[in-house]
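Okay, everyone, thanks for coming. I'd like to walk you through a structure that may be new to you, so let's bring it up.

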Amino acid sequence: MNIAIVEDDDAAAKVLLGFIERYSKEESAELNTCRFTRADEFLKNYKPSGYAVVLMDIQMPGTNGMDAAFQLRKLDKSVSLLFITSMVQQAQRGYEVDAVGFMVKPVSYYDFALKFKKALEVYSMNEKRNVTITVPGGMCRISVDKLMYVEIVNHKLRYHLVDEVLEMSGSLSVVEKELESYGLLRCNSCYLVNPKFIRSVRGLELSIGDETLRISRPKRQQFITRLTEWFSGGGVG
């Protein structure tokens with residue numbers, strides 16, 4: 001697995017590199033580490049699914065670590081993110097970018113190993129539920145467990161995640177095939193829904209998140225059957 005260290009301080013980066021090497025030996029883990037001195041440099045050619053864990057310093061010249069984390073999440077919603085900071089207050093917004101945690105300088109190996117292991121476990125657990133989609137200007141890595149539903153409007157696909165909506169060109173039929181193994185269900189020609197977010201089904205309407213979607217009459221019976229299978233544990237995903 002690839003690990004990124006985004007740290008402008010050479011001494012701090014050297015400590016982290018040493019910790020990763022020690023962890024790799026102790027846990028017999030194959031880890032490849034890249035170090036970046038600036039967040040702008042790290043983000044410039046970033047590709048989704050390129051890294052399992054990113055160790056991000058918060059105080060850096062140019063784009064700081066917190067702002068870089070928000071940009072990172074637009075590209076990759078599944079990579080595990082650990083902040084490194086001199087002040088705890090600086091990492092308080094970590095929940096906004098789904099950070100696994102933070103470490104306060106000077107970082108001890110015990111603290112590092114504990115949180116780094118958790119970050120790797122979170123990545124490994126989520127990796128099976130991650131998909132890469134094409135968005136304007138590039139690609140984005142998302143977790144199916146944060147995808148409520150996909151809709152198509154005027155030949156435009158809209159991926160409704162719990163925290164934002166991603167829009168791109170495409171075919172809902174193609175998306176349906178790509179996400180079939182994750183348990184998403186077609187309720188009509190316009191919507192592909194994630195059953196874990198369905199709150200209720202009444203007649204030809206279903207509530208998902210804060211939205212109400214329409215179930216087509218011809219598809220209702222098959223939809224209800226598959227939804228029942230999913231809730232009983234017999235469905236896919």
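How are H1 and H4 oriented to each other, roughly parallel or roughly perpendicular? Keep that in mind while I say what we have here. This is a predicted model. The protein chain has six helices and 15 strands. Its C-alpha trace spans about 65 × 35 × 30 Å along the principal axes. There are 237 residues, and 47% of them count as buried. If you take the contacts in the chain with a separation of 6 or more, 54% are accounted for by residues 24 or more positions apart.

Two packed helices are described by the angle between their axes and the distance between the axes. Here, H1 covers residues 10–27 and H4 covers residues 109–127, and they pack at an angle of about 65 degrees with their axes 10 Å apart. Angles of 65 to 115 degrees count as roughly perpendicular, and H1 and H4 are therefore roughly perpendicular to each other. The contact is made on the H1 side by Leu16, Phe19, Ile20, Arg22, Tyr23 and Glu26, and on the H4 side by Tyr109, Phe112, Ala113, Phe116, Lys117 and Leu120. Sort those residues and you get nine nonpolar, three charged and no polar. Oh, and the crossing is right-handed.

Let's stay with H4 for a moment. At 1.5 Å a residue, its 19 residues should span 27 Å, and its end C-alpha atoms are 26 Å apart, which agrees. Its buried residues are Tyr109, Asp111, Phe112, Ala113, Phe116, Ala119, Leu120 and Tyr123. So what covers the buried residues of H4? The cover includes H1, along with strands E1 (2–6), E3 (53–57), E4 (80–85) and E5 (101–104).

Most residues other than glycine have a negative phi, and most peptide bonds are trans. Now look at the loop between E5 and H4, where Pro106 is found. The peptide bond from Lys105 to Pro106 is cis, with omega near -10 degrees.

Then there's Ser28, in the loop between H1 and strand E2 (32–36). Ser28 isn't a glycine, but its phi is positive, near 50 degrees. With 66% relative accessibility, Ser28 counts as exposed.

Asp98 sits in the loop between E4 and E5. Asp98 also has a positive phi, about 55 degrees, without being a glycine. Its relative accessibility is 35%, so Asp98 counts as partly exposed.

Conventions: Residues are numbered from 1 along each chain as its sequence is written. This is a predicted model: local features need pLDDT of at least 70, side-chain atom pairs count only at pLDDT 80 or more; totals for chains, interfaces and linings use all residues. Side-chain values use heavy atoms; hydrogens and water are left out. Axes are lines fitted to C-alpha atoms, for helices over the stretch in contact, and angles run from 0 to 180 degrees between N-to-C directions. Helices (H or I, at least four residues) and strands (E, at least two) are DSSP runs, numbered from the N terminus. Angles under 35 degrees count as roughly parallel, over 145 as roughly antiparallel, 65 to 115 as roughly perpendicular and the rest as oblique. A crossing is left-handed if the near helix is turned anticlockwise from the far one by less than a right angle, and right-handed if clockwise. Contact means heavy atoms within 4.5 Å. Ala, Val, Leu, Ile, Met, Phe, Trp, Tyr, Cys and Pro count as nonpolar, Asp, Glu, Lys and Arg as charged, and the others, Gly among them, as polar. The expected span of a helix is 1.5 Å times one less than its number of residues. Buried means under 20% relative accessible area, exposed over 50%, partly exposed in between (1.4 Å probe, protein chains only).
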